[in-house]
Amino acid sequence: MAKDYYSILGVSKSANDDEIKKSFRRLAHEHHPDKGGDASKFKDINEAYQILGDKQKRQTYDQFGSAAFENGGGGAPGGSGGFGGFDFNFQGQDFGDLNDVLGEMFGFGGGRGGRREKRGQNIEVDVELSFREAVFGADKTLKLYRQLTCEHCKGEGAEPGTKVNECKTCGGKGQVTQATRTMFGTMQTAVQCKDCHGRGKKAEKECTVCGGHGVHRREQSVSIRIPAGVDDGAMLQVSGEGEAPAGGGRAGDLFVRIHVEQHPTFERNGNDIVSEMAIPFSVLAIGGTIHVPTIDGDESVRVAEGTPDGTLITIRAKGIPYGRSGTRGNHIVRLVADVPRKLSKEQKALLEQLRNTGL
Ligand SMILES: [Zn+2]
Ligand SMILES: [Zn+2]
C-alpha cells in the first residue's frame, strides 16, 4: 500500500528539514501511546519521519514512493515492519546490480546472492541538553517505545511448556517467494512467512503475550552516557539499543540526535566558549582585576592599564573538552566599555574634571 509520508506528517512536499522535524515532534508527542495515543498512528508517524527526516531516504521516496521501503508487498502485521523496515531482499540474477545499489543506499549489505543477517530496525530519538550538559557530558534516561524480544516466551513465540513444530507454509525457511509487480518489471522477492512470522517454526499454542511474534512493543527506560563536548546536531550511535527483529537476530542500533539549548551569555565557537563582558571604562583606562564568569565559575582576570575597548582575553582550558583526551578549549571574553547612564553628582563632577584635562 502506497503511503503518503508527507500527509502523515502534515507537511508539504517542499517542506524543509526543520519543518519536517518540528511537525514530527509535535505529532509524536500528541500520538504517543503512553499518552493515550493510537499506536498504529504513532508507528506511521515514526515511519514517515524515518524516511523524510533522512536526506537520502527522502530523495529515494520522492523518486520511487513508499514502495521502495515496503516489505515486498504484504508486510506481516506488527511483525518486522517496524519503521518501514528495509526488509526486502531481491533475488534472481537480473536484479543483482539493483540489489547492490539499493544495498548501498540503505546500508543493508545485500550484495549479490549474499545472505543478510537478520537485524532489528534502528531507531532515532532526540535529546535536549543544557549548554552545561553538552560541555561536561550527562547521563540521560530515555523512555523508548520499541519492539523488544518477548520476555514471556523468550522470543520463541510459543506459550512456555507447549510444543513447537516446523512451519508447513514455508517448510521451515521462514521466507516465502512472492512475485511482485514493480516499476522495474516483475520481481521475485523473498518475503517473511506470515504464518510463522519468519521463524520457520510454529507453536502449537502461540504465546499469549506477543501473539506468537516473539517480539512486542513496549516502553522501557534506557540509560545512556552523553560524552563531554558534544555539539548541537551531533548524532550518537548506541549499538544494540534499537529494535529486536522478529524471529531472533541482532537488535538494531539507537541513534541519539543531540540538541543543545542556547546559553544566556555563553556561545560555542569550535571548542572555545565565547562571552562578552561590560566593565567600567575606568578599569580599561587604568587597569584592575575583574571576575569573569566561565562555565567553571568566576575567574579573576587582571586587566592591564590602557586596554582598548573590544579587547579579547583568553582564559586557558575553560572551554569545551576535546573528546576523551581531557584537554579543553579556552574561554574567550570580549571586554567592552560600560558607559554609565546614571551618575551621582560626585561622579559627574569628577568626570567633568577629567574632561577638562582633555580625556
Ligand atoms: Zn513459515
Ligand atoms: Zn511471547
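Helix α2 has 14 residues and reaches 20 Å from its first C-alpha to its last, close to the 20 Å expected at 1.5 Å a residue, where the expected span is 1.5 Å times one less than the number of residues. Helices (H or I, at least four residues) and strands (E, at least two) are DSSP runs, numbered from the N terminus. This is a predicted model, in which local features need pLDDT of at least 70 and side-chain atom pairs count only at pLDDT 80 or more, while totals for chains, interfaces and linings use all residues. Residues are numbered from 1 along each chain as its sequence is written, and chains are lettered from A and ligands numbered from 1 in the order in which they are written.

**Helix α2**

- Ile20, Ser23, Phe24 and Leu27 of α2 are buried, a residue being buried if 20 or more other C-beta atoms lie within 10 Å of its own, exposed if 12 or fewer, and partly exposed in between, with C-beta atoms placed from the backbone.
- Seen down the axis of α2, these buried residues fall within an arc of 105°, so they line one face of the helix; the arc is that of the directions from the helix axis to the C-beta atoms.
- On the other side of α2, Asp18 and His29 are exposed.

**Helix α3**

- In α3, which covers residues 39–52, 10 of the 14 residues are buried, so this helix is largely enclosed by the rest of the structure.
- The buried residues of α3, among them Phe42, Lys43 and Glu47, pack against α1 (5–9), α2 (17–30) and α4 (55–64).

- Leaving aside its neighbours within four places in sequence, Tyr49 is in contact with Leu9 and Phe24, contact meaning that the C-beta atoms of two residues, placed from the backbone, lie within 7 Å.

**The sheet**

- Four strands form an open sheet with mixed pairing, in the order β11-β12-β16-β15, and two strands count as paired if DSSP finds at least two bridges between them.
- Strands β11 (267–269) and β15 (312–315) stand at the edges, each with a single partner strand, so one side of each is left without a neighbour in the sheet.
- Strand β12 (residues 272–280) and strand β16 (residues 331–338) pair in the parallel sense over eight bridges, and Ile273 stands opposite His331 in β16.
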